[in-house]
Structure formats: C-alpha cells, structure tokens
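Subject: The structure, and what turned up in it

Hi there,

Here is the structure we talked about, ready for you to open. Have a look around in your viewer, then read on for some notes.

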Amino acid sequence: MDAESFNALGPMPPAAWELVSLWSEVWDAPRFRGRERVQHAALSREAISPLLKLAASCVVALQQQLKGTVQHGAYGASRELLVAAIDGGENGPRALADPHGRPADFVRALSKAAFMTGDGEYSEGLSESQLDQLLDQLCASQLEQAASLVRDPSARLRVAMEKLQAAVEEVLASPPEEGDLAAVAQRLMLVQRLERAAEDASAMLVKDNSSTEVESSQAVDTVDTVDTTESTMEPMEESGDGHNGHAEDAEDKENPLKRTKSQVAAKLKVQKVKEHQENMLKEVYDLSRTTSALSKRDVDVDESEKLRAELAAVEEARKKARNFGEDLLEDMMALDNLSGLAAEDRSTRKATLSGIEGLLQDVDTAKSRLAMLHRQLEGKLHKAEDLASKKRQAKELAKLAANAKARSNAEATPEAEPTPQATQ
C-alpha cells in the first residue's frame, strides 16, 4: 500500500475504544509492574497498541454484522489469549500470531478470539471459516494497514513531509489581512500542531533499550484507526447517533421546535458531556505540555534523588493520562447510548464525539511517550542504585582492609620489656 493509494481513515467507534481499554488493562497486572515485578511482559503494550486498535475495530464490525447472533460487548477468549501471549506461554493452535513478524495474522486471530468460548469453540452458529470470510469482507482495510507495519515507512514519510512543506509555503505566501483575528488564530494553532509534530519526531530518536518498540507504536498512532462504520454502520453515520435517522428526521420536520420529555432529557445529557469535553481540552493540553517538558529533562545517572523525583512526576502524569482516558471513554459511551435525539442535538452529539475522539488520540500519544520515559528513568535509577551499592561495598572493603592492616601491625610489633627495678 503506497502513499497515494492509502485511504483516509476515520475515528474508532466507542465500543472499539472500550475493548482497547479492556485489553490494555492486562499489562497493569502487578506481576508486570514496578521494581518488584515477577516477570517482564513478552509483548510491549506500546509496541502492539496499533494492532489492538485495529483488532478492536474489526471486532465491532463483526458484531454489527452478526447482531442477534452474538452478544454485543462479549469478547470471548480474546483477553485470555492476549494474557497467554504477554506471558510468553501458549504456542498451540489457539495462540496468537507473532505481532512483530505477522501483524495482520495477529489482528485476525485476536478478532476471531472475541467470538471464541473458553473451551476453544466458537459461539453457537459461527465457524472459523465464516469469521475469516467476514474479516476479509469487512476488515480488509484494517488487515492491510496491519500488514503495512512490517514495511519501511520512509518513502511515505518523505511524501508527507513534502506535502506539508508545500502547504505551509502556501500559507506563508498568503499572510492574514490586518485585523483578521480568526486567520491569525488559525495560523497560531497550526504552529502549535507543527511544534507538537516536531517534538514527537524528536522523541522517536531517543535511544534506549525500548526505543524500537515505542517508535513503531508512535509512528502508527499518527494515522487514525479504520472506522468500521464506513462499511457496516452507514445508517448510524447518517443519523449521527447509531440509529436510523429517517423517521427522526420526519418527526423533526413535523415538530421542529418541540421536544418530547425523553428528548429534553437526552439534550441535557448531550450538553453535559459537551461541557465536560470542552473542560477536558485544557486538561489534555496541559498533559501534553507536561509530557513534552518531562521528555526534555536530562538527569545524570549518578543523581539518584533527582531520578526518583522525575520518576514520581512521570508516574503522576501516567495516572492522569489513565484517568483522562477513562473519563473520555465514559463520555463517549454515554453519547453512544443516546437515541431519539432531535436534529440539533444529533449534530451537537456528532461534533462532541469527534472532539472526544481527538482528545483520546492525544491521551493515547501521551501514554506512549510517558511509558517510554518511565522505562528510561527506571533504567537510570537501577544503574544509579547499583553504582551507589558498589561504592558502599568498596568503602566497606577498604574499611575492613584498613582494620585488618592495623591489627596486623599491632600483632607484629613486639611488646616492650619491663625495666629492671634497682636493687635496694
């Protein structure tokens, strides 16, 4: 898939975000966290995060197609198989494919596992061949995007940079008219986005033990995940609220200014979520700035106290990012569950969902950068503590050697003979 034929991709539906969140919780198990971790995860969350998003969008597409056959929100054995893969365990026929070598097969297997029972059988009325056929039909874009992750993106990156440079040159050639505040504001917002892109690019060049994994995650995160509504939820997209909009449009035309009690209640919910989304704009922006500031700090390996302070700051930022993501996901699900909205409210709901999607992407990017920074600081702190321990041991050995030498000198020195007493 070259740069010219790469299709524009839309946002993920709320149910897909919910599934990504469920899968991501696997890495939060105590055995994978902190200095007292029992084991290291065989797969990095940041590295395969793009694949989780693609698989989640496939699962939602299949659920929409199989509505009535499978229970919406039931994710079968997918979490169980993901845990086995992260543990580096199961290698049998049910095991997930290697995400680094066969990313498309990994997405396919994880998607099908969502419709698998605990004993390895598929839900009643489904077969593996049927799911494979539906995946090829409904999720060709997701699978192709996953397959593209094993290809060198340098050519596409170069083409994108040339397009960006040409577009910015056109903007520079058309300065805003005096007094056109809106045009000036648009250009300042563009500056902020370009600065963010430059910071993200610089972050990819950081060399540490985990940089390769994080680079692949961040590179794909700049491309939105496939919107399964393109082929499977067209009526939902048209109405903007997940239901057939024709009957509602007719009702709105008959009563353009009148709302039922349920519509009034739904409008209040939409407004409440909209206000929360607007308030979250500053919170997420501050999180992005904090992440950038933390990434720019450079603490020497022999400064243990500063490293602990930086690590605490990063952990606090990661906690905020996790909470923001959960809050935004709750808002998205709340809007997704509303039905029977008036036309004006459907428009507000659609715009708010789009805003939440953008904030979720920003939070997701911050999570990846903070995770990379956390690993860097942990590595430095471990080295600092090992260095301090070696210094203490060397000091103790020197002290023991000095004491031993003093005792040896004392034993080697003959005792002075007593002076004879003069005879009386």
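Let's start with a pair of cysteines: the sulfur of Cys58 has its closest cysteine sulfur in Cys139, 3.2 Å away, which is too far for a bond. A disulfide here is a pair of cysteine sulfur atoms within 2.5 Å. By that rule, the number of disulfides is zero. As a reminder, a disulfide is a covalent bond between the sulfur atoms of two cysteines. Cys58 is buried, with a relative accessible area of 0%, and Cys139 is buried too, at 0%. (Buried means under 20% relative accessible area, exposed means over 50%, and partly exposed is in between, using a 1.4 Å probe and protein chains only.)

Before going further, please note that this is a predicted model, in which local features need pLDDT of at least 70 and side-chain atom pairs count only at pLDDT 80 or more, while totals for chains, interfaces and linings use all residues. Residues are numbered from 1 along each chain as its sequence is written, and side-chain values use heavy atoms, with hydrogens and water left out.

Now for the charged side chains. How many salt bridges does a search of the whole structure find? There are twelve, where a salt bridge is a side-chain nitrogen of Lys or Arg within 4 Å of a carboxyl oxygen of Asp or Glu. Here are some to look up:

- Arg151 pairs with Glu144, with the closest N and O atoms 3.2 Å apart. Arg151 is partly exposed at 38% relative accessibility, and Glu144 is partly exposed at 29%.
- Arg297 and Glu310 meet at 2.8 Å, N to O. Arg297 sits in the loop between helix 13 (261-296) and helix 14 (304-336), and Glu310 is in helix 14, so this pair ties together parts that are 13 residues apart in sequence. Arg297 is partly exposed, at 46%, whereas Glu310 is buried, at 11%.
- Asp336 forms a salt bridge with Arg349, the closest N and O atoms being 3.8 Å apart. Asp336 belongs to helix 14 and Arg349 to helix 15 (residues 343-412), so parts 13 residues apart in sequence are tied together here as well. Asp336 is partly exposed, at 24%, but Arg349 is buried, at 2%.

There is also a network of salt bridges that links Arg108, Lys112, Glu128, Asp132 and Asp136. The helices I mention are DSSP runs (H or I, at least four residues; strands are E, at least two), numbered from the N terminus.

Ala366 is buried, with a relative accessible area of 5%. Apart from neighbours within four places in sequence, Ala366 is in contact (heavy atoms within 4.5 Å) with Leu287 and Thr291. From Ala366 to Arg322 the C-alpha distance is 9.9 Å, although 44 residues separate them in sequence.

Finally, the nonpolar core, meaning a set of buried Ala, Val, Leu, Ile, Met, Phe, Trp, Tyr and Cys residues joined through side-chain atoms within 4.5 Å. The largest one has 83 residues, and Trp23, Leu82 and Phe106 touch the most other members. Helix 2 (residues 45-65) supplies the largest share of this core, with twelve residues. Leaving out residues up to four places away in sequence, Phe106 touches Ile48, Leu51, Leu52, Leu82, Leu96, Ala97 and Pro99.

Happy exploring!
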